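Open the model in your viewer and get your selection tool ready. We will go from stop to stop, picking something at each one and looking at what surrounds it.

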Amino acid sequence: MKLTNPDKLMYPGTSITKAHLVSYYAAVADRMLRHLRHRPLSLVRDTDGDLSKTFFQKHRLPGMSEAIRSGQLQKMSGKDSKILWIEDLAGLVAGVQMNALEFHVWGSDRHAPDLPERMVFDIDPDEELSFAEVKQAAFDIRDILGAIGLKSWPLVSGGKGVHVVVPLVPEADWDEVKSFCQDFAELLAKTDPSSFVANMSKARRKGRMFLDYLRNGQGSTAICPWSTRARSGGTVAVPVSWEELQDLDRANGFDVFAAADRAQGQDAWEGYFDAGQVLTEAMQRVVKR
């Protein structure tokens, strides 16, 4: 694939070029594609080179490389939805070529679009809160999910928050999964109202954390593990272990160079794809109480 303007700086104030991003995705492709391949996705593309004007793209536009595949599927509502997806490193490189800085994915494979393979709890804190408070929230969510019988893994977002990710055997449909996530968020907001809120209003969030369950509906997306972010510094959404999270002092501590090195080492999410856990009716009843 031809890469035009490989020396173009992609993040103001850094040395990160378009060629660096291609090298980065080559370094992390084996890890990233397990979370990305064949999942409907959205791209966040930069238009001006200074990150101030980005846009979300869900459908094919003229001139796009065929390495970013396009098609359509039928949602549970019965409506057809046009989608994009990527199958290999060439698709990631094609994204870089068109100035895509973020890859956001559905929680399901396009071949079984009604059955999600994961849940994502996105901890979105009020700006006044410290990262230590965000981490404690993540550990609390982990412990409650564990008590229900669900194992989870943490993702530092490359921004200010943490995602608690729960892999699932694709048996429960989107309605069941979203209802569980909403009930879980509302349960936390009721039991610990000083820390959590289940309403996305900025005013209601003052001094607290919004536990974003809305990413768990069909057609909604969340940042893909190992994706770069459209944020200053060239930061990356990086999978970490619970032990590592304890010692981190921020959610945006990995740039493309640190993340590329990290991808060559031990997988912090070891066991994620082998968890074999199912969202049961009993689990759903527990959080409704």
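In which helix is the place of A282? Select α7, residues 281-288, and you will find A282 there; helices (H or I, at least four residues) and strands (E, at least two) are DSSP runs, numbered from the N terminus. Before going further, note that this is a predicted model, in which local features need pLDDT of at least 70 and side-chain atom pairs count only at pLDDT 80 or more, while totals for chains, interfaces and linings use all residues. Residues are numbered from 1 along each chain as its sequence is written, and side-chain values use heavy atoms, with hydrogens and water left out.

**Stop 1: A282 and I148**

Colour A282 by accessibility: at 39% relative accessibility it counts as partly exposed. The classes are buried under 20% relative accessible area, exposed over 50%, and partly exposed in between (1.4 Å probe, protein chains only). A282 and I148 are 9.0 Å apart in space, although 134 residues separate them in sequence.

**Stop 2: the open sheet**

Next, select the 6 strands that form an open sheet, in the order β9-β10-β6-β8-β7-β12, with mixed pairing. At the edges stand β9 (196-197) and β12 (238-239), each with a single partner strand, so one side of each has no neighbour in the sheet. Two strands count as paired if DSSP finds at least two bridges between them. As background, strands of a sheet pair through backbone hydrogen bonds, either parallel or antiparallel.

Zoom in on β6 (residues 118-125) and β10 (residues 209-212), which pair in the antiparallel sense over 4 bridges. Show P125 and look across to M209 in β10, which stands opposite.

Now bring in the helices. α3 (residues 131-148) lies across β6, β8 (162-167), β9 and β10, and runs at about 15° to β8. α4 (residues 174-191) lies across β6, β9 and β10, at about 35° to β6. These angles run from 0 to 180 degrees between N-to-C directions, with axes fitted to C-alpha atoms, for helices over the stretch in contact.

**Stop 3: N216**

Where is N216 to be found? Select the loop between β10 and β11 (222-223), where N216 lies. With 2% relative accessibility, N216 counts as buried. Its side chain reaches the backbone oxygen of V120 at 2.8 Å, and a polar atom of the N216 side chain lies 3.0 Å from the backbone oxygen of Y213. A polar contact here is a pair of N or O atoms within 3.5 Å; within protein, one must be able to donate a hydrogen and the other to accept it, and residues adjacent in sequence count only if both atoms are side-chain atoms.

Leaving out residues up to four places away in sequence, N216 touches R118, M119, V120, W174, V177, K178 and C181, where contact means heavy atoms within 4.5 Å.

**Stop 4**

Move to β1 (residues 41-46), where 6 of its 6 residues are buried. L41, L43 and R45 point one way, and S42, V44 and D46 the other way. In a regular strand the side chains alternate between the two faces of the sheet.

Which strands does β1 join? Select β5 (residues 100-105), joined to β1 by 5 bridges and antiparallel to it.

**Stop 5**

Select α2 (residues 89-97) and show its buried residues, G91, L92, V93, A94, G95 and V96. What covers them includes α1 (18-36), β3 (68-74), β4 (80-86) and β5.

Follow the chain to N99, in the loop between α2 and β5. Phi of N99 is near 65°, a positive value in a residue other than glycine. N99 counts as buried, at 15% relative accessibility.

**Last stop: W226**

Finish in the loop between β11 and β12, where W226 is found. Phi of W226 is near 80°, a positive value in a residue other than glycine. W226 is buried, with a relative accessible area of 3%.
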